[in-house]
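Have a look at it first, then work through the notes topic by topic.

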Amino acid sequence: MRIEEEIFQHHSLQEDKLLAYGFKKENDYLVFSKNIINDTLKVVLKVDNSLNLDAKIYDLEFGDEYQNFRFANQAGGYIFQVKEALREILIDVRDKCSTLILFISNQANRIERYILNKYEDKAIFPFEKFASYGVYKNKKNNKWYAIIMQINARKLDINNDEIIEIINLKLEPSLISSLIDNKHFFPAYHMNKINWLSIILEGNIKDEIIFDLIDKSHAFTLQHNTWLTPANPTYFDIAHAFDRQDEIVWKQSTHIEVGDIVYMYVGSPYSYIMYKTEVTQTDIPYHFENKKLKINKLMKLKLIKKMEPDLFNLDKLKQYGVFYIRGPLKINKKLKEALDEYLVIDH
């Protein structure tokens with residue numbers, strides 16, 4: 001990518017601002033020049049009628065065009081100095097003579113402003129091959145909740161080669177299935193189709209509807225997993241772990257994250273869910289290993305509720321499809337609903 005394309009990516013030059021900056025009209029161009037490197041080189045910037053900018057550098061002593069800065073394999077100290085001088089000029093022109101336009105469609109740019117104003121999240125463009133793909137990540141957990149992309153319409157099985165702009169959002173599967181009409185709402189392009197939906201922008205779907213779905217997507221990424229994990233009293237006096245403190249460290253499973261809920265099932269002679277806890281810290285360095293137990297890292301668990309003895313014992317758990325608890329497992333929907341129902345009652 002040329003240095004001009006890199007710096008002016010997602011920016012649109014404004015003629016009135018260029019003229020105020022010092023560009024002069026010369027035939028069909030707006031031209032600006034400035035000497036650099038102790039007046040040994042001259043940078044000339046030319047902007048055409050389509051507001052595309054081209055930069056050239058001339059050697060003032062010999063009058064020849066200096067092109068070494070264009071070659072990737074040229075990396076000497078002098079060339080670096082030239083590149084940095086040019087970059088400084090281009091960035092100044094960009095900041096003073098252009099407006100930020102991240103996306104093709106007006107609706108996409110309205111979405112960008114909505115997300116920035118509400119969540120203070122800026123689009124990032126992480127794909128070198130697909131430089132126009134703008135990703136929005138929830139800054140609380142770094143999870144993606146929106147992606148704006150320019151794609152060929154055929155990618156959505158639309159029978160034309162028009163380049164369209166879409167937004168992908170992460171939503172509940174039931175909501176996705178109710179929305180898909182293959183006219184405006186589609187199974188997600190290039191994403192998991194269970195939890196992602198593609199919406200064509202500038203396709204007669206009102207901003208307010210898309211904004212509402214963005215809010216739902218953002219909220220969806222804040223949802224936490226609920227786990228059931230075994231605790232063997234042979235290795236740890238788990239029955240009294242929270243007697244004098246409301247937070248303990250515990251062996252961490254790979255996929256558990258801060259904010260997740262962990263129900264602790266304490267084995268024989270108790271054999272029931274004893275605690276509801278919340279994960280407050282993960283990836284605490286630790287190493288322990290013997291013939292029966294291996295620990296690579298720890299997490300912190302904060303006590304939320306000490307459960308009523310024997311209420312959710314193994315026989316009860318079997319009614320919800322849990323027959324063995326040999327390692328951390330995600331709690332299924334029916335068991336979670338039963339636990340939630342129990343916890344809203346004042347025992």
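Let's start with an open sheet: four strands line up in the order β2-β3-β4-β5, with antiparallel pairing. β2 (24–26) and β5 (53–59) sit at the edges with a single partner strand each, so one side of each has no neighbour in the sheet. From one strand to the next, the twist averages 35°. Keep in mind that this is a predicted model, where local features need pLDDT of at least 70 and side-chain atom pairs count only at pLDDT 80 or more, while totals for chains, interfaces and linings use all residues. Residues are numbered from 1 along each chain as its sequence is written, and side-chain values use heavy atoms, leaving out hydrogens and water.

**A few terms for the sheet**
- Helices (H or I, at least four residues) and strands (E, at least two) are DSSP runs, numbered from the N terminus.
- Two strands count as paired if DSSP finds at least two bridges between them.
- For angles, axes are lines fitted to C-alpha atoms (for helices, over the stretch in contact), and the angle between N-to-C directions runs from 0 to 180 degrees.

**Inside and across the sheet**
- Strand β3 (residues 29–36) and strand β4 (residues 41–47) run antiparallel and are joined by seven bridges.
- Helix α3 (residues 77–97) lies across β3, β4 and β5, at about 40° to β4.

**A buried strand, β11**
- How many of the five residues of β11 are buried? Five of the five are, so β11 is largely enclosed by the rest of the structure. (Buried means under 20% relative accessible area, exposed over 50%, and partly exposed in between, using a 1.4 Å probe and protein chains only.)
- Trp196, Ser198 and Ile200 point one way from β11, while Leu197 and Ile199 point the other way.
- Strand β9 (residues 163–170) runs antiparallel to β11, with five bridges between them; Leu169 stands opposite Leu197.
- β10 also pairs with β11 in the antiparallel sense, over three bridges, and here Phe186 is opposite Ser198.

**Two residues and their contacts**
- Ile151 belongs to strand β8 (residues 143–152) and counts as buried, because its relative accessibility is 3%.
- Contact means heavy atoms within 4.5 Å. Leaving aside neighbours within four places in sequence, Ile151 is in contact with residues including Tyr133, Leu156, Ile164 and Tyr189.
- Asp215 is in helix α6 (residues 207–220), and it counts as buried because its relative accessibility is 18%.
- Not counting residues up to four places away in sequence, Asp215 touches Tyr114, Lys118 and Tyr119.

- Most residues other than glycine have a negative phi, and most peptide bonds are trans.
- Which two residues does a cis peptide bond join? They are Ser268 and Pro269, with omega at about 15°.
- Pro269 lies in the loop between β14 (261–266) and β15.
- Ser271 lies in the loop between β14 and β15 too. Its phi is positive, near 60°, and Ser271 counts as partly exposed at 24% relative accessibility.
- His190, in the loop between β10 (185–187) and β11 (196–200), has a positive phi of about 65° although it is not a glycine. At 61% relative accessibility, His190 counts as exposed.

**Pockets**
- Rolling a probe the size of a water molecule over the atoms shows where empty space is left.
- On a 1 Å grid over the protein atoms alone, a pocket is an open set of points where a 1.4 Å probe fits, with protein on both sides within 12 Å along at least five of seven lines; lining residues have an atom within 4 Å of a point.
- Grid points are joined across faces, edges and corners, and a volume is the space filled by probe spheres set on the points.
- The largest pocket has a volume of about 700 Å³. Of its 24 lining residues, the closest to the centre are Asn232, Tyr235, Trp250, Lys251 and Leu293.
- Its lining divides into 14 nonpolar, six polar and four charged residues. (Ala, Val, Leu, Ile, Met, Phe, Trp, Tyr, Cys and Pro count as nonpolar, Asp, Glu, Lys and Arg as charged, and the others, Gly among them, as polar.)
- The second largest pocket holds about 480 Å³ of space. Of its 13 lining residues, Gln223, His224, Asn225, Thr226 and Lys330 are the closest to its centre.
- The lining of the second largest pocket has two nonpolar, six polar and five charged residues.
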